[in-house]
Amino acid sequence: MSTKPRVAVHKFSSCDGCQLAFLNMGAGLLELSEQVELVHFAEAGPLGEEQRVDIAFIEGSVVTAHDKERIQRIRDASHYLITIGACATSGGIQALKNLATDREDWLAQIYARPEYIDSLPESTAITEHVKVDFEIWGCPINSAQVVAVVSDLLQGVKPRDEADKLCMACKRKQLVCTLVTKGEPCLGPVTRTGCGALCPSFGRDCYGCYGPAENSNAQGLARRFEGLGLLPEAVARRMHFIHPVAPAFEQIPVSQLTTGEGSDD
């Protein structure tokens with residue numbers, strides 16, 4: 001019998017992008033498989049969802065009654081439960097429906113036969129249903145984050161939460177500030193690092209895919225965006241684009257978001 005730590009990767013409501021962070025490891029995934037036993041990872045082949053594991057990675061949010069039952073079973077069968085990506089950590093893009101004043105009309109605008117859609121009124125983060133031991137933020141996460149967390153756990157070390165603001169990564173890379181120098185509405189001052197300042201490296205403003213950083217002053221940044229000429233609804237759209245119900249961003253008014261009005265242009 002194998003004595004390796006047993007690992008599972010589970011998918012809930014999501015696009016699979018964060019699971020691809022594992023597959024994108026390439027040779028690194030093979031090295032990882034030598035250190036752990038992958039008992040369930042449908043994207044890669046192994047199927048064993050009901051088995052007990054040492055580490056369970058969860059991608060996706062809870063949007064159905066079945067999801068609520070399933071995450072409880074997975075939690076009961078896991079020693080460590082780690083959420084990966086925006087959907088699992090804050091509800092994801094699909095949580096935009098949480099902000100709708102008329103959710104039946106919201107569904108009707110998307111689906112031709114909304115009566116066939118069996119979903120809960122809200123898309124919720126995994127932590128709202130079960131105990132989560134660690135969260136990996138990002139949309140999507142990257143392979144380096146996975147490697148770091150697994151390595152820490154295998155060594156008996158608590159993984160480090162990278163909650164610094166993206167601005168710190170930009171300064172370390174000596175990038176020109178898109179907000180101060182270019183006057184573009186960049187979310188870097190309220191977004192956590194982890195992407196390596198990918199968008200600013202190409203001269204583009206950050207749009208917050210890694211979620212809110214520690215001590216994020218989203219309201220202050222929203223006022224700065226208005227000073228750059230953005231209308232309130234455009235500011236709300238930027239703040240709620242990927243992490244619409246994350247506490248730091250949820251405080252920004254969303255009156256125009258629920259009507260389909262407004263534009264970033």
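## The sheet

Two strands count as paired if DSSP finds at least two bridges between them. With that in hand, let's look at this predicted model. Its open sheet is built from five strands, which run in the order β2-β1-β3-β4-β5 with parallel pairing. The edge positions belong to β2 (37-41) and β5 (134-136); each has a single partner strand, so one side of each is left without a neighbour in the sheet. On average, and ignoring direction, neighbouring strands of the sheet are turned by 20 degrees against each other.

Now for a look at one pairing. Four bridges join β1 (residues 6-11) to β2 in the parallel sense.

## Around helix α5

Two loop residues are worth a visit here. Y111 sits in the loop between α5 (103-110) and β5. Its relative accessibility is 39%, so Y111 counts as partly exposed. Together with I110 and I117, Y111 makes a nonpolar surface patch of about 270 Å².

N98 lies in the loop between α4 (86-90) and α5. Is N98 buried or exposed? N98 has a relative accessible area of 12%, and because buried means under 20%, N98 is buried. Leaving aside residues up to four places away in sequence, N98 touches R103, P121, E122, S123 and V245.

Technical notes: Residues are numbered from 1 along each chain as its sequence is written. This is a predicted model: local features need pLDDT of at least 70, side-chain atom pairs count only at pLDDT 80 or more; totals for chains, interfaces and linings use all residues. Side-chain values use heavy atoms; hydrogens and water are left out. Axes are lines fitted to C-alpha atoms, for helices over the stretch in contact, and angles run from 0 to 180 degrees between N-to-C directions. Patches are made of residues with over 30% relative accessible area and no salt bridge: like charges are joined within 9 Å, nonpolar side chains (Val, Leu, Ile, Met, Phe, Trp, Tyr) within 5 Å. Accessible areas come from the Shrake-Rupley method with a 1.4 Å probe; for residues, only the protein chains shown count as cover. A salt bridge is a side-chain nitrogen of Lys or Arg within 4 Å of a carboxyl oxygen of Asp or Glu. Buried means under 20% relative accessible area, exposed over 50%, partly exposed in between (1.4 Å probe, protein chains only). Contact means heavy atoms within 4.5 Å.
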